[in-house]
Amino acid sequence: MSVICAHNVCKRYRRPRVKATTTKEAVVGFLRGRRGYDEFWALNDVSFDVEKGEAIALVGPNGSGKSTMLGILARVLKPTSGMISVTGRLCPLLELGTGFHPDLSGRENVYLNASLLGLSHRETAARY
C-alpha cells in the first residue's frame, strides 16, 4: 500500500527577464508592458511511490529540485501539473531556516526541529 504517490509532477516558476532595482523601475516597466518572463522548470515529470515502512532519499546537485519536491509533499507548494497523494501525516524534520542552528550537527538539528513540531525524543528516534 503506497502512502506517498507522486505521478508526473511538474513545477514551473516564472522569473522576470529584466529585474527592476527600484520601485519606480518596476512600476514604469509594468505600465509600459515590459513584463517578459522566462520559465524555469524545477521539476519535470517526476513519478515515484513510497510504501508504508519504506524510506527514500532525494539526492542530486544544487538546483535539481529536491527542496521543491519536499515543499510539494509537505503541501507548502502546489505542483504546476501532476498528482500528489499523501496518506497520513507528513512533516519535514530538517528544513533550512526552520529550527536550524549552525552550532549543532545535522542529527541534533533534526531532534531540535522535531521537538519544536511537538514530537517526543522517542518518536523522533523511531522515525530517524
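A salt bridge here is a side-chain nitrogen of Lys or Arg within 4 Å of a carboxyl oxygen of Asp or Glu. With that in hand, welcome to a predicted model, where local features need pLDDT of at least 70, side-chain atom pairs count only at pLDDT 80 or more, and totals for chains, interfaces and linings use all residues. Residues are numbered from 1 along each chain as its sequence is written, and side-chain values use heavy atoms, leaving out hydrogens and water.

**View 1. The salt bridge between Glu39 and Arg12.** The structure holds 1 salt bridge. Glutamate 39 and arginine 12 form it, and their closest N and O atoms are 3.5 Å apart. Because glutamate 39 sits in strand β2 and arginine 12 in strand β1, the pair ties together parts that are 27 residues apart in sequence. Strands are DSSP runs of E with at least two residues, helices are runs of H or I with at least four, and both are numbered from the N terminus. Arginine 12 has 32% relative accessibility, so this residue counts as partly exposed; the cut-offs are under 20% relative accessible area for buried, over 50% for exposed, and partly exposed in between (1.4 Å probe, protein chains only).

**View 2. The whole chain.** Let us step back for a moment. The protein chain has 4 helices and 3 strands, arranged along the sequence as β-α-β-α-β-α-α. Of its 128 residues, 20% are buried.

**View 3. An open sheet of 3 strands.** The strand order is β2-β1-β3, with antiparallel pairing; two strands pair if DSSP finds at least two bridges between them. At the edges are β2 and β3 (81-86), each pairing on one side only. Neighbouring strands are turned by 25 degrees against each other on average, direction ignored. For such angles, axes are lines fitted to C-alpha atoms, for helices over the stretch in contact, and values run from 0 to 180 degrees between N-to-C directions.

**View 4. Partners across the strands.** β1 and β2 are joined by 11 bridges, and tyrosine 13 stands opposite phenylalanine 40 in β2. Between β1 and β3 there are 5 bridges. Here alanine 6 faces isoleucine 84 in β3, while isoleucine 4 has valine 86 in β3 as its bridge partner.

**View 5. Helix α2 packs on the sheet.** This helix touches β1, β2 and β3, and its direction makes about 65 degrees with that of β2. Contact means heavy atoms within 4.5 Å. Leaving aside neighbours within four places in sequence, methionine 69 is in contact with Val9, Leu43, Val46, Phe48 and Leu58.

**View 6. The largest nonpolar core, with 11 residues.** A nonpolar core is a set of buried Ala, Val, Leu, Ile, Met, Phe, Trp, Tyr and Cys residues joined through side-chain atoms within 4.5 Å. Among the members are Val3, Ile4, Leu43, Phe48, Met69, Ile72 and Val86. Two or more residues come from each of β1 (2-16), β2 (37-51) and α2 (66-73). β1 gives the most, with 4 residues.

**View 7. Helix α3 and its cover.** Which residues of helix α3 (residues 106-116) are buried? They are Asn109, Val110, Tyr111, Asn113 and Ala114. What covers these buried residues includes α4 (121-127). After α3 comes glycine 118, with a positive phi near 95 degrees.
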